[in-house]
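This briefing is meant to be read beside the sequence and the coordinates.

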Amino acid sequence: MKALRIKHSFAGALGVLAMLALQQPAMAAGLDGVQVLDGFKELAGYVGSPFLLGGAWLAVKITLIAMAIGLALGLGLALMRLSRFKALSSAAWGYIWFVRGTPQLLQLVFIFDALPLIGLRFDEFTTAVIGFALNEAAFSAELFRAGILSVNRSQSTAAAALGMGPLLTLRRIILPQSMRAIIPGLANDTIGMLKLTSIASVIFVNELTFRSQQIVGQNFKFFTVFGAAAVIYLFLTSGISVLQVWLERMFDHERDRKIAFSWFGLRVSTRDAKPVEAPIALPVAAQETEANDHAWIGTLLPADSRTPRRADEPFVACRNVWKSYAKREILRGVDLSIAHGEVVVILGPSGSGKSTLLKLINHLEPLDWGTIKVDSQYVGYREVPGGGGTVRPVHNLARARAEARVGMVFQHFNLFSHLSALENIVEAQRQVYDVPRAEAEALGRDLLKSVGLAAHADFLPHRLSGGQQQRVAIARALAIKPKLMLFDEPTSALDPELVGEVLGVMRGLADAGMTMVVVTHEIRFARDVADRVVFMDGGEVIEQGTPQQVIDNPTHERTRKFLNVVAS
Ligand code: ADP
Ligand code: MG
């Protein structure tokens, strides 16, 4: 239906163009119908002429090559612009400022005349490609930057927590999601470049417009020859427009589709054969038939996660941890030890630094002072040899996170929105831990089954309820075979009736012996499941003890106040 409409509008546009090109001047010249028809035939003849088509092919070649180079450079420039290194971002900004601010015609002439001066001699075609590519780099850099910024930061946080490095995250998570925002601008640029190749005639590139001018210079048939050139341009740019429509659909992650192919992580998919209406009713039905089989979880925990590296040290040891944001002290000397297999619930008012502490344990944020060890190892730091316990940040932070095997579950789930439930679980296994596809998928399906979502493997996150999304997120974290699971208010964003299903999975995990740190306001969960409750306020541990001690007989006034607020 869409394709038909496009064809119609294309034909219509051609008709209008032909009328403009021929009819009015024909009437003004007093031509009759037969002469107009002859004019059309002549125009059609020029459209099919090898001379003009050869010029068009040259324009297409310049556009294709320059676009490919320009996009690669543009992506690099965009990353430089987004870099936290001032020198890089300033250099990229300066380049974009200069190229956008000067006429392209002058740039071309300049490159044509200047390159030979530094000993670089290229033919006209190559010069044109270089000129257009350098120009496109500046424009596409801003498109890429806008696209990257349009993807929620929580996506890269989730990727980092799974041990994915910045480039991997960009390629597999950020770019696929930003393509929809980038494509319309890229189509504009491509069309603009194809038409602008005509200015390459100033450096003697013999392309379409230049060739039309040569013919007109000989026979003075302005309308027919230029009309024919316009028809060829219109045909080519229409091709780009159709490609744009197709690509936009392929990268539309709200649609339910099957993956058709995946290229450098840019997954392209075709529409799912399933009708969209039917599966909406499915989750409820599927939920009834699936048991929340928590016994499974125990068998999924890897053996080595059950035996700590050193029995004489706490499994998680936070020592005198300080952290500030913009000179505001968020954590003020936190000391916390967690035993292997222990379930610790952290309570505390909003802003007391609970999330920050979890992020530091997984090194999603660097420490300002103090040390944190997980299973007797620093995460993201290494001891300086002979430095008397001094630590330095490691270079490959992503690998350090991956090796630490700390699973993290977020308040807002942070599922990768362009990937199905199963693909969310498979992604880090494949990309970070090099697990063979079959094995990763088998574990993914087992985990989905264990959180009661076996029937939802192919669902995209937007088609799952909040509780289901959070269960997938737990399964995703478990897929990296974590030694430690961190939960940051996993049920705070859920409707009350969905809280139970997530807490149920967490209970199962605790029963299976997983070491867990859970930030939550669910007092009943804390009472039932926690081995220890820690109350934090103002970036400090105020008190800790068994649930009975802290919840039922708090010694500190601030704890009492907080519990009263939460209870009411
Ligand atoms: P909690 O999870 O206990 O509610 P957080 O650890 O999220 O508290 O945050 C503690 C304080 O740190 C908050 O006041 C928050 O505004 C601030 N904060 C957290 N992350 C950042 C950040 N990346 N930049 C600046 N301030 C932050
Ligand atoms: Mg928080």
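In this predicted model, S89 is a residue of helix α4, which runs over residues 86-101. With a relative accessible area of 13%, S89 is buried, because it falls below the 20% limit used for that class. A polar atom of the S89 side chain lies 3.2 Å from the backbone oxygen of K86, and, once neighbours within four places in sequence are left aside, S89 is in contact with M80, R81 and S83.

**Other buried helix positions**

- R471 belongs to helix α18, residues 466-478, and counts as buried at a relative accessibility of 1%.
- The R471 side chain reaches the backbone oxygen of V451, at a distance of 2.7 Å.
- M179 is placed in helix α8, which covers residues 166-196, and its relative accessible area of 12% makes it buried.
- Between M179 and I148 there are 8.8 Å from C-alpha to C-alpha, while the two are 31 residues apart in sequence.
- L509 is part of helix α19, residues 496-511, and is buried with a relative accessible area of 0%.
- The C-alpha atoms of L509 and M485 are 9.4 Å apart in space, and the two residues are 24 apart in sequence.

**Loop residues with positive phi**

- S376 sits in the loop that joins β6 (369-374) and β7 (377-378), and its phi is positive, near 65°, although the residue is other than glycine.
- S376 counts as buried, its relative accessibility being 14%.
- E489 lies in the loop between β11 (484-488) and α19, and it too is not a glycine, yet has a positive phi of about 45°.
- The relative accessible area of E489 is 12%, and the residue is therefore classed as buried.

**The surroundings of ligand 1**

- Which residues surround ligand 1? The shell consists of Y325, R328, I330, P349, S350, G351, S352, G353, K354, S355 and T356.
- By class, these residues divide into three nonpolar, six polar and two charged.
- β4 (328-338) and α14 (354-361) each contribute at least two residues to the shell, and α14 gives the most, with three residues.
- Two side chains place a polar atom beside an oxygen atom of ligand 1, that of R328 at 2.8 Å and that of K354 at 2.9 Å.
- From the backbone, an N or O atom of G351 lies 2.7 Å from an oxygen atom of ligand 1.
- On its own, ligand 1 has 560 Å² of accessible area, of which the protein covers 64%.

**Helix α14**

- Six of the eight residues of α14 are buried, so the helix is largely enclosed by the rest of the structure.
- The buried residues of α14 are K354, T356, L357, L358, L360 and I361; K354 and T356 are also listed among the residues that surround ligand 1.
- After α14 comes H363, which has a positive phi, near 50°.

**Spans annotated in the record**

- An unreviewed UniProt entry lists residues 52-79 and residues 225-247 under "transmembrane region".
- In the model, residues 52-79 are 100% helix and 0% strand, and the C-alpha atoms at the two ends of the span lie 40 Å apart.
- Residues 225-247 are likewise 100% helix and 0% strand, with 33 Å between the end C-alpha atoms of that span.

**The chain as a whole**

- The secondary structure of the protein chain comes to 22 helices and 14 strands.
- The chain has 568 residues, and 48% of them count as buried.
- Among contacts with a sequence separation of 6 or more, 70% are accounted for by residues 24 or more positions apart.

Technical notes: Residues numbered from 1 in each chain as written. Chains lettered and ligands numbered in written order. Predicted model: local features only at pLDDT ≥ 70, side-chain atom pairs only at ≥ 80, totals over all residues. Heavy atoms only, no water. Near = heavy atom within 4 Å. Polar contact = N/O pair within 3.5 Å; in protein donor to acceptor, adjacent residues only side chain to side chain. Areas by Shrake-Rupley, 256 points an atom, 1.4 Å probe, with all protein chains shown as cover. Helix = DSSP H or I, 4+ residues; strand = E, 2+ residues; numbered from the N terminus. Nonpolar A, V, L, I, M, F, W, Y, C, P; charged D, E, K, R; others polar. UniProt positions renumbered as here; feature names shortened; annotations may be inferred. Buried < 20%, exposed > 50% of the residue type's maximum accessible area, 1.4 Å probe, protein only. Contact = heavy atoms within 4.5 Å.
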